[in-house]
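Thanks for making time this morning. I would like to walk you through one model, and I will give the cut-offs as we go.

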Amino acid sequence: SATNANISNFIGYQAGINATCACLSNFIGGYAGYSASNVCHSNFIGFGSGQFAINAYQSNFIGNEAGCGATDAKFSNFIGCRAGFNATSAQGSNFLGQGAGSNATYANTSNFLGNAAGFNATCAGNSNFLGGNAGNCAINGYASNFFGFSAGNLATNACKSNFLGWLAGCN
């Protein structure tokens with residue numbers, strides 16, 4: 001059963017059932033926040049949203065499996081089906097779109113907007129990826145701006161770079 005979940009609302013099949021440190025939180029949807037830990041002041045809305053999230057306090061995960069297994073994603077907003085699904089070290093980030101930032105690592109204070117934007121991005125902290133597939137598989141894209149469909153999609157060692165336009169900096 002949930003522990004340290006004072007003044008919280010868990011609505012849906014097994015929502016928050018094994019959650020720990022989930023005070024002042026709202027988990028809405030089947031398995032939402034199921035086994036989440038250290039997620040006080042958070043809102044997980046959608047089937048499996050925040051299901052196994054760790055250290056995601058003061059965060060909002062909205063959409064089926066949004067932030068499902070996110071780790072160290074405090075102060076973040078993941079909106080869309082599987083947005084931030086397994087994101088690691090994504091504190092203070094905003095991932096908006098289906099699969100945006102789904103498997104992103106070291107993406108603190110980043111904004112990924114668009115379907116699959118920053119999906120597998122690695123070392124992409126302080127970055128802005130805007131457009132479908134923008135920065136999808138970017139490696140070492142720290143402090144970069146990729147704007148446009150698939151901009152910076154497969155970019156490697158593109159720190160502090162700016163790619164603007166369809167397929168700009170894709171390879």
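This is a predicted model: local features need pLDDT of at least 70, side-chain atom pairs count only at pLDDT 80 or more; totals for chains, interfaces and linings use all residues.

In which strand is the place of Phe147? Phe147 sits in strand β9, residues 145-147, where strands are DSSP runs of E with at least two residues, numbered from the N terminus. Residues are numbered from 1 along each chain as its sequence is written, and side-chain values use heavy atoms, with hydrogens and water left out.

Now to the sheet, which is open and has ten strands in the order β1-β2-β3-β4-β5-β6-β7-β8-β9-β10, with parallel pairing; two strands pair if DSSP finds at least two bridges between them. Its edge strands, each pairing on one side only, are β1 (9-11) and β10 (162-164). On average, and ignoring direction, neighbouring strands of this sheet are turned by 5 degrees against each other, the angles running from 0 to 180 degrees between N-to-C directions of axes fitted as lines to C-alpha atoms. As one of the pairs, β4 (residues 60-62) and β5 (residues 77-79) run parallel and are joined by three bridges, and Phe61 has Phe78 as its bridge partner in β5.

Finally, consider Ser42, in the loop between β2 (26-28) and β3 (43-45). Ser42 counts as buried because its relative accessibility is 0%, whereas Phe147, at 32%, counts as partly exposed; buried means under 20% relative accessible area, exposed over 50%, and partly exposed in between, with a 1.4 Å probe and protein chains only.

Terms used: Helices (H or I, at least four residues) and strands (E, at least two) are DSSP runs, numbered from the N terminus.
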